[in-house]
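Hi,

Here is the structure I promised to send over. Have a look at it first, and then read on for what turned up.

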Amino acid sequence: MNTGGSGGSDGRGELRGDAAGSDWDRYSHGPAAQAPTAWSPDSRVKSTAPARPRPAERDDLYVEYRYEAGFTPVNEEAAPRSPRMMANVAGAIAVGLAGLLIAVFALATSTGPTPTPTPPSSPIAHPSATPTPEITAPPELAHVQTVVPLPLVVKIADRNAQPDDGKTIYLIGPSGGVSVDPQSGRVLKVYGGPAFANGMRRAVVSDGLWISTWSGDGACGPTCWAQATTYRLDPGTGSVTNTMKGTYLIDADSDGVWVATAGKIERLDGANGVLLDWMPWKLSAEPRRGCAGLWAYTIDAGGATISDVASVTGEVVGSSTLPAQVTYGPIFVLGQCWMMSGTDGVSTGKTTMVVLTPDGGSGGGITYARSVLALNGGFWTYNEGTLQRFEPTSGLTFGAAFNLAERPSGNDPARLFSAVGRLWMIVDGGSLEGFDLQTGSASTQAG
């Protein structure tokens, strides 16, 4: 503390009241500010000077908490408060109330276990009394793309044998045949002559046009082979290149042309008729080719028998009894070997089908109340102008359904066939119509 100079101290370590700029003067307790009722700090004599009026309120944070010089302490409860004082008090009250509310809220939230939030509910699937129907696409419309006027009557003899060579369609009738360009719809060649003199019974296309004729009806076993004749025609000129009397035409496949003659089965080169191979035929049954094998078909009383025959020895590997109406086949479709009712690969109205097992047996017959036809190595159903692929094991249709822009006469599916991968129809009045419906499929296998 300062001990020298004026106005700092009285030498006794006490503050002097007359010291200019002292703390005593600064807080209005110096001599100049003494009131009559105030005690002088030096003389301790009560002043008799008249009291000064109370100074106006000043902006002092502590004005309400200090006895100012020249004033006698008054009753604080009755004294008016300054606006700042009132604001401070209100603020203090507000802060207190906020703290109280926070404490109450904390107490309320801590008086019990914290509730577990309920997860949002998700819909629960309930079983329906009525199954939801499967949504199927509406049928597509198959338009007529090609119309070909025909100069003669033709017939589709076997839908398991394609009547084309990939470029040209060959159609044969009892008295002749024609070749047709499917792109332009133009007839390229008309066939006739001695090969058709006795009427055509069977025709296949294999590096040439092969036709066969024989007497009698139905199957042709060894007893009728002697009356059969098979011809090979050059498709370009229509001339006969091979005439084989006493020879019955069985079928043609990728291995060649198969014929039966004089107690044996021969395999010929389709391009020229040269003998490639042969095997003995020891049975009285009709020989058939299908499912990459050789079969024997025999009509029995009230039914028929189909037997798998070894291609080298001619021995029967296994046999199966068929219903009387199951006469067509074998045909390889969707990985299985089938026999079916009907003629030339078409069964109208009701169809019975039998699957053949590799050992020559069968898996029993399945009957469907629908028309089924073989097209390009696959099965299709037909109903009132609508075609769709058919899987006989399950009895289900699959793939797109097609409505024909023009229906066959009498809704007869026997007028429909496949050639060059498309659907065709024989029309009354002697014309051929080709649709824009593709019959081939990667999921369909032909044998």
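I began with the aromatic rings, and the count comes to 4 aromatic pairs (rings of Phe, Tyr and Trp, the latter by its six-membered ring, with centres within 6.5 Å; planes under 30 degrees apart are stacked, over 60 edge-to-face, the rest tilted). One of them joins Trp-214 and Tyr-248 edge-to-face, at 5.0 Å centre to centre and 75° between the planes. Trp-214 sits in the loop between β7 (209–213) and α3 (222–225) and Tyr-248 in strand β10 (residues 248–253), so the pair ties together parts 34 residues apart in sequence. Helices (H or I, at least four residues) and strands (E, at least two) are DSSP runs, numbered from the N terminus. Trp-214 is buried at 8% relative accessibility, and Tyr-248 is buried at 1% (buried is under 20% relative accessible area, exposed over 50%, partly exposed in between, with a 1.4 Å probe and protein chains only).

Before going further, a note on the source: this is a predicted model, where local features need pLDDT of at least 70 and side-chain atom pairs count only at pLDDT 80 or more, while totals for chains, interfaces and linings use all residues. Residues are numbered from 1 along each chain as its sequence is written, and side-chain values use heavy atoms, with hydrogens and water left out.

Next, the charges. The whole structure holds 8 salt bridges (a side-chain nitrogen of Lys or Arg within 4 Å of a carboxyl oxygen of Asp or Glu). Asp-253 and Arg-289 form one of them, with the closest N and O atoms 3.0 Å apart. This pair links distant parts of the chain, from Asp-253 in strand β10 to Arg-289 in strand β14 (residues 286–290), 36 residues apart. Asp-253 is partly exposed at 28% relative accessibility, whereas Arg-289 is buried at 13%. Together with Asp-255, these two residues are linked in a network of salt bridges.

Another salt bridge brings Glu-315 and Lys-282 together at 2.7 Å, N to O. Here Glu-315 is partly exposed, with a relative accessible area of 41%, and Lys-282 is exposed at 53%.

Lys-264 lies over the face of Trp-278, at 5.6 Å from the ring centre.

Best wishes

Key. Lys NZ or Arg CZ within 6 Å of the ring centre and 35° of its normal.
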